[in-house]
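Visitor: I have a model open and want to learn how to read it. Where do we start?

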Amino acid sequence: MSKNPKPARSRHPINRKLLDEAPLGARIADRVTGFMGSWAFIVIQTVIVIIWITGNIYLLSKPFDPYPFILLNLAFSTQAAYAAPLILLAGNRASLRDRLTLEHAAAEADIEEEQNKRLLKGNTEILEQVAALEKRILELEKSILAAIEGQSGRGGEGRT
């Protein structure tokens, strides 16, 4: 029995390749950087810092991280050390997605341009055929009129 592949969530081939089929590390980096760039993260981090500082001020007799809050500074440094590579990884993936999207759009534009050229050529051929038909109709009309005039000219001579 073969395993059924996971159904694609994205219809566009670029999104399917870079989002649906992305390795676990890339998906984690996208989610982490997405969260770190949100208001929820800013609010949560602000609340944690306020609790940290007020907790140390309240426990002034035995603070767990006395001023200048070296442990808090270490936590921020550790967070920055992990955040920077994740942000770079997500930025590189976004650049790759943009490049692939542009390449795909350019390929689609080339296909559309070729279709437009074929349509224009077909329209030109049709117009040439219509012009040839109009010319032939005018020639037939002239020959019919000439034949009618020729018959009426002969028919008028015989009556007199």
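Guide: With surface area. Accessible areas come from the Shrake-Rupley method with a 1.4 Å probe. This is a predicted model. Its chain exposes about 13300 Å². Carbon and sulfur atoms supply 65% of that area.

Visitor: What share of the 160 residues counts as buried?

Guide: Buried means under 20% relative accessible area. Here 12% of the 160 residues count as buried.

Visitor: Which secondary structure elements does the chain have?

Guide: The chain has 4 helices and 0 strands. From the N terminus on, the order is α-α-α-α.

Visitor: Take Thr33. Is Thr33 buried or exposed?

Guide: First locate the residue. Thr33 sits in helix 2, residues 24-36. Thr33 counts as buried because its relative accessibility is 18%, and the cut-off is under 20%.

Visitor: Which residues does Thr33 touch?

Guide: Leave out residues up to four places away in sequence; Thr33 then touches Leu86, Ile87 and Ala90.

Visitor: How much of the chain's contact set joins residues 24 or more positions apart?

Guide: Count contacts with a separation of 6 or more. Residues 24 or more positions apart account for 55% of them.

Visitor: Now the other case. Is Tyr58 buried or exposed?

Guide: Exposed means over 50% relative accessible area. Tyr58 has 72%, so Tyr58 is exposed. Tyr58 lies in helix 3, residues 39-58.

Visitor: Which residues make the nonpolar surface patch with Tyr58?

Guide: Leu59, Phe64, Leu71 and Leu74 make the patch together with Tyr58. The patch is about 560 Å².

Key: Residues are numbered from 1 along each chain as its sequence is written. This is a predicted model: local features need pLDDT of at least 70, side-chain atom pairs count only at pLDDT 80 or more; totals for chains, interfaces and linings use all residues. Side-chain values use heavy atoms; hydrogens and water are left out. Patches are made of residues with over 30% relative accessible area and no salt bridge: like charges are joined within 9 Å, nonpolar side chains (Val, Leu, Ile, Met, Phe, Trp, Tyr) within 5 Å. A salt bridge is a side-chain nitrogen of Lys or Arg within 4 Å of a carboxyl oxygen of Asp or Glu. Helices (H or I, at least four residues) and strands (E, at least two) are DSSP runs, numbered from the N terminus. Buried means under 20% relative accessible area, exposed over 50%, partly exposed in between (1.4 Å probe, protein chains only). Contact means heavy atoms within 4.5 Å.
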